[in-house]
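Subject: A structure for you to look at

Hi,

Here is the structure I promised to send over. My notes on what turned up in it follow below.

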Amino acid sequence: MKYISTRGQSPAKTFTEILLAGLAPDGGLYLPEEYPQVTRAELDAWRTLSYADLAYAVLSKFATDIPAADLQAIVARTYTADIYNNGRADSDFSQITPLRTLVPGVHILELSNGPTLAFKDMAMQLLGNLFEYALDKQHQELNILGATSGDTGSAAEYAMRGKRGIRVFMLSPNGKMSAFQRAQMYSLQDENIHNIAINGMFDDAQDMVKAVSNDHAYKAAHKIGTVNSINWGRVSAQIVYYFKGYFAATQSNDEQVAFSVPSGNFGNICAGHIARMMGLPIGQLILATNENDVLDEFFRTGAYRPRGTDHTYQTSSPSMDISKASNFERFVYDLVGRDGEKVREFWSRVDAASSTDTAAFDIKGSDCWHELAKFKFSSGKSTHLDRLKTIRELWEEYGVMVDPHTADGLKVGLEQRRPGLPLICLETALPAKFEETIVEALGRKPERPESMMGIEELPQKVEVMDADVMQLKAFISAHIPN
Ligand SMILES: Cc1ncc(COP(=O)(O)O)c(C=O)c1O
Ligand SMILES: N[C@@H](CCOP(=O)(O)O)C(=O)O
């Protein structure tokens, strides 16, 4: 299997090559040349597999340059109940992603039982092991440059702590994350972990990651890689739990389901889109945004109008405070019939857009608009009051506490679901990460694992910086030993 860029101007590469490369040289994102297809016989055989075996079955279709025995060993040591054991006391950790049924036909897929209490651990733990494997083979080092709105950062740092030959430089929006999220990252004192708080929003931080990655000479000289969903390895690992969730919520492979996905950088739902393209019977992909509703607007109207930092709100689902969803480019590539030239044209307008009043591009009325229906997306938006109400209702009716992002997904999922389709809402974090909002909704604090008691009181190590790419490059260079 070879991988090509959404901008159509980079040479095709193998899975291992793009794992370490991150962004494609033409500024695009890598995707498989063709999506591998899953046959009915495979679906039948996969239905009863353990998470690790299912991960192997799915990922062996993508990581075709990793010998089977090596890939099997990597997934077996990644997806264990010892690593994914931080959820509720009654969660079945042996499932890795247990399915919690609220009422028949409405489920929550628990994805946040990993070390940092967010769904990012599902892919990041694997990525850490894949990086170590690939770097060992090549006797190489990797300097990871990432951007986080709160959860990718801690997941990456926990996954890469103490890993041979890996350093992490993680950009986060200064003062915009929850106290728990800040503490989880900034309290790490490991020598290979560098936290940099950027005076700006997540989008500024992600732009800086892309700017450094697009300086090819700097990237090569400093061995820069990425752990954001820019990295195909992240997206491919996220595809697995769509299969797992589907099997858990259905009795047979004749059934269709709806997935509801709280969305920010479009990585999670992009994995769902790819699972559907591979042949998983998904009848509806429901995208939920918070008040930062660029993606909801696109799916409703066809206009893509990414907002600037000034028009990106700080909300109580802060990890989704994103207005320029990176992975949306992967979906648009499929939408325009995998035409790299068209994507280049669209994204040159996105990069040039100076005002939020006009759309960077608008597909309403075009062939793409008619094509869009084939991809089975629906969308909606959830506000602060909606998420408080959802958190309260879930707690009062089912005794289940959900975090603000999962609440956004539930609210929109219940609103948009097609009658007759079982609804699987993806849980993207545990409530412990967002104590302030839980207290506001319920008047009580969420539980947290013993190991995370009092982390807000630990000493923190963080560098504060303006959104200045030159300054960032100088910082990275100064922290890489010669
Ligand atoms: C808790 C949480 N929910 C939802 C999202 C949105 O996911 P995505 O960016 O993959 O769309 C994120 C961040 O990405 C997150 O951290
Ligand atoms: N919400 C994310 C933002 C980055 O998303 P990614 O999937 O591209 O890493 C976060 O928590 O950092």
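Two strands are said to pair if DSSP finds at least two bridges between them. Helices (H or I, at least four residues) and strands (E, at least two) are DSSP runs, numbered from the N terminus. This is a predicted model, in which local features need pLDDT of at least 70 and side-chain atom pairs count only at pLDDT 80 or more, while totals for chains, interfaces and linings use all residues. Residues are numbered from 1 along each chain as its sequence is written, and chains are lettered from A and ligands numbered from 1 in the order in which they are written.

Strands first. Strand 3 (residues 99-103) and strand 4 (residues 106-110) run antiparallel and are joined by 4 bridges. Across this pair, Leu99 sits opposite Leu109. The hairpin they make has 2 residues between the strands, and Gly105 takes a positive phi near 90° there.

There is also an open sheet of 5 strands, in the order 8-5-6-7-15, with parallel pairing. Strand 8 (224-225) and strand 15 (463-466) are at its edges with a single partner strand each, so one side of each has no neighbour in the sheet. Strand 15 runs parallel to strand 7 (residues 193-199), and 4 bridges join the two. In that pairing, Ala197 faces Val464 of strand 15.

Now the chain as a whole. The protein chain has 19 helices and 15 strands, and its C-alpha trace spans about 60 × 55 × 55 Å along the principal axes.

On burial, a residue is buried if 20 or more other C-beta atoms (placed from the backbone) lie within 10 Å of its own, exposed if 12 or fewer, and partly exposed in between. By that rule, 52% of the 482 residues count as buried. Two residues are in contact if their C-beta atoms lie within 7 Å. Among contacts between residues at least 6 apart in sequence, 74% join residues at least 24 apart.

A nonpolar core is a set of buried Ala, Val, Leu, Ile, Met, Phe, Trp, Tyr and Cys residues joined through C-beta atoms within 7 Å. The largest one has 135 residues, and Ala55, Leu127 and Phe259 are among those with the most contacts inside it. Helix 10 (residues 232-249) gives the most to this core, with 10 residues. Leaving aside neighbours within four places in sequence, Leu127 is in contact with Ala159, Val227, Gly233, Arg234 and Ala237.

Helix 3 is worth a look too. Its buried residues include Leu54, Ala55 and Val58, and their cover includes helix 2 (40-46), helix 4 (68-78) and helix 10. Asp53 lies in helix 3 (residues 51-59), but is partly exposed because 15 other C-beta atoms lie within 10 Å. Asp53 and Ala76 are 23 residues apart in sequence and 7.6 Å apart in space, C-alpha to C-alpha.

Finally, the ligands. A residue is near a ligand if its C-beta atom lies within 6 Å of it. Ligand 1 has 16 residues around it, with Asp151, Asn265, Gly267, Ser319 and Thr428 nearest. Ligand 2 is surrounded by 14 residues, and the closest are Thr148, Asp151, Thr152, Ser229 and Gly267.
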